[in-house]
Amino acid sequence: RTGFYKSTILRLAASLIHDGFLLRNPSGTYMLGPELPRLAALCMTAPDLEGVIRPYLRTLVELTQESASFFVRSGNERVCRYRENSPLAIRHHLDEGQVIPLDRGASGHILLAFGSERENPKYDEIRAQGFYRSLGERDPDVVALSVPVFDTVGRLWGALAVSGLQGRFSEDLQTKALAALRTMSGDLGRKLPVVGSVVL
């Protein structure tokens, strides 16, 4: 079905056996290995990040009537991990799991400034002010505000953001949203686990 040569399949199977993802029976047949239940157990014991993050997104949407997101970095891109879209018919819409360029948009700049580019002077201003405002960087009609989310030991978990249409997301509302973002990112950070790996 794969179209691979049998020798390639056998090499791949040998690697999976070596790492515990497959077992080979004496009869020559294969079965799932012990690594899969171990990974499943880790998933079951992982912190409920969605349960922690989503209430903050809903509060931001209620406060601003605009869309709220939590982004994480994935290589040279960012992923919308959690999203609550505005209840208004005309809105800035994204889907959870959507992959977006890292070098444009408020949350992308936050992930760079406080992540891999932490020492880059180009991002000094973002680090100094603790947030980034994007005006039409990805879409000429959209303004977005984003702040970093750190746990209590200072590890960056992601970027919390609010985005909306420029004609409706007024400066007064942006000021209100930014104050809420700052407060919520600190509160959220205190609820994140301080053991194990971060989301990024």
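Phenylalanine 150 counts as partly exposed in this predicted model, because its relative accessibility is 23% and a residue is called buried only when that value is under 20%. The residue belongs to strand 7, which covers residues 142–150, and its ring takes part in an aromatic pair with the ring of phenylalanine 114.

A pair of aromatic rings is described by the distance of the centres and the angle of the planes. For phenylalanine 114 and phenylalanine 150 the centres lie 5.8 Å apart and the planes make an angle of 75°, so the arrangement is edge-to-face, the word used for planes over 60 degrees apart. Phenylalanine 114 sits in the loop between helix 4 (106–113) and helix 5 (124–129), while phenylalanine 150 is in strand 7, so the pair ties together parts that are 36 residues apart in sequence. The chain has two aromatic pairs by the rule applied here, and this is one of them.

Most residues other than glycine have a negative phi. Glutamine 65, although it is not a glycine, has a positive phi of about 65°. With a relative accessibility of 32%, glutamine 65 counts as partly exposed.

The chain has six helices and eight strands, and when they are read along the sequence they follow the pattern α-β-β-α-α-β-β-β-α-α-β-β-β-α. If we consider contacts between residues at least 6 apart in sequence, 52% of them join residues at least 24 apart.

The overall dimensions come next. A compact globule of 200 residues would have a radius of gyration near 16 Å, but the chain has 21 Å, and its C-alpha atoms fill a box of roughly 70 × 35 × 35 Å along the principal axes. Of the 200 residues, 40% count as buried, and the accessible surface of the chain comes to about 11,400 Å², of which 56% belongs to carbon and sulfur atoms. As for charge, the chain carries 24 positive and 22 negative side chains, and the centres of these two sets lie 7 Å apart.

Conventions. Residues are numbered from 1 along each chain as its sequence is written. This is a predicted model: local features need pLDDT of at least 70, side-chain atom pairs count only at pLDDT 80 or more; totals for chains, interfaces and linings use all residues. Side-chain values use heavy atoms; hydrogens and water are left out. Helices (H or I, at least four residues) and strands (E, at least two) are DSSP runs, numbered from the N terminus. The radius of gyration is taken over C-alpha atoms; the globule rule is 2.2 Å times the number of residues to the power 0.38. Buried means under 20% relative accessible area, exposed over 50%, partly exposed in between (1.4 Å probe, protein chains only). Contact means heavy atoms within 4.5 Å. Accessible areas come from the Shrake-Rupley method with a 1.4 Å probe; for residues, only the protein chains shown count as cover. Lys and Arg count as positive and Asp and Glu as negative; His and the chain ends are not counted. The place of a charge is taken as NZ of Lys, CZ of Arg, CG of Asp or CD of Glu. Rings of Phe, Tyr and Trp (its six-membered ring) pair if their centres lie within 6.5 Å; planes under 30 degrees apart count as stacked, over 60 as edge-to-face and the rest as tilted.
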